[in-house]
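Reader: I would like a close look at one helix. Please take me through it step by step.

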Amino acid sequence: MSVITSYVALGDSFTEGLNDHISGDRYRGWADRLAERLAADAPELRYANLAVRGRLIRQILDEQVPQAEELAPDLISLCAGGNDILRPGGDPDAIAGLLDTAVGRLRGTGARVMVFTGFDLRQVPVMRLVHQKIAIYNLHIHDIARRHGCTLVDLWAMGVLRDRRAWSDDRLHLSADGHRRIALRAAEALGLAAEEDWREPYPPLVPAVWTEARKEDLRWARTFLGPWINRRLHGRSSGDGLNAKRPDLTPLG
């Protein structure tokens with residue numbers, strides 16, 4: 001593989017880096033971590049991250065894809081459609097059609113394009129209700145990657161991500177270690193040598209007491225699930241009014 005000297009990341013909160021905190025409301029995330037790995041081979045690497053939390057696939061297609069086309073990097077990563085799938089009435093076939101359009105345009109720039117399947121969320125309360133829709137969408141993503149010659153990162157097959165320690169307290173976004181493992185998996189998909197193995201299992205956990213686990217579920221529902229549902233009922237997004245954290249191709253330093 002030729003050395004990658006420019007990289008643009010597109011998507012939503014997953015690619016923005018929630019909840020891999022740096023400080024305050026600043027996040028690192030798997031894409032930043034991957035850029036750091038790329039820079040180890042190419043110190044001149046320039047990197048942009050256009051992802052914004054809460055973005056739907058139509059917004060990504062209309063707002064971020066044209067920016068990526070203009071920037072014309074060596075590598076583009078695109079993970080989109082998850083927020084659409086989680087919404088009532090989200091149609092995986094229609095969402096896949098928009099993803100196919102986005103990937104076609106990005107490949108048209110000559111860039112290498114990396115796409116991602118959805119997670120296997122059957123172990124997460126509420127999220128397990130969309131398990132089948134994610135599975136259908138993933139079939140489309142596999143087909144899109146094959147037809148357009150994309151690099152595919154299969155998140156569904158990453159069994160280590162079914163451990164709760166790969167996720168933050170909100171159960172919707174990855175923990176710092178979850179992001180670390182995604183970056184390692186993406187680097188592997190690109191053919192880069194890695195010093196760590198994303199497959200390394202977590203140490204065994206002491207089983208939670210049933211009553212304590214239910215209390216934690218109730219706390220999670222009040223703190224995270226309720227506000228998340230309320231935003232969707234009112235057509236709001238956590239990303240309203242926010243801009244991309246790295247809108248331009250600039251060196252990492």
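**A close look at helix H5**

Author: In H5, the buried residues are Pro92, Ile95, Ala96, Leu99, Ala102, Val103 and Leu106. Viewed down the axis of H5, they fall within an arc of 120°, so they line one face of the helix. An α-helix has 3.6 residues a turn, so residues three or four places apart point the same way.

Keep in mind that this is a predicted model.

Next, the length. Helix H5 covers residues 92–107, which is 16 residues. At 1.5 Å a residue, H5 should span 22 Å. The C-alpha atoms at its ends are 22 Å apart, which agrees.

Now the start of the helix. Asp91 caps the N-terminal end of H5. One of its side-chain oxygens lies 3.0 Å from the backbone nitrogen of Asp93.

Two packed helices are described by the angle between their axes and the distance between the axes. For H3 and H5, the angle is about 0° and the axes are 10 Å apart. Angles under 35 degrees count as roughly parallel, so H3 is roughly parallel to H5. On the H3 side, the contact is made by Ile57, Arg58, Leu61, Val65, Pro66, Ala68 and Glu69. H5 contributes Ile95, Leu98, Leu99, Thr101, Ala102, Arg105 and Leu106. Ile95, Leu99, Ala102 and Leu106 are also among the buried residues of H5.

Technical notes:
Residues numbered from 1 in each chain as written. Predicted model: local features only at pLDDT ≥ 70, side-chain atom pairs only at ≥ 80, totals over all residues. Heavy atoms only, no water. Helix = DSSP H or I, 4+ residues; strand = E, 2+ residues; numbered from the N terminus. Expected span 1.5 Å × (residues − 1). Buried < 20%, exposed > 50% of the residue type's maximum accessible area, 1.4 Å probe, protein only. Arc of directions from axis to C-beta. Polar contact = N/O pair within 3.5 Å; in protein donor to acceptor, adjacent residues only side chain to side chain. Axes fitted to C-alpha atoms, helices over the stretch in contact; angles between N-to-C directions. Parallel < 35°, antiparallel > 145°, perpendicular 65-115°, else oblique. Contact = heavy atoms within 4.5 Å.
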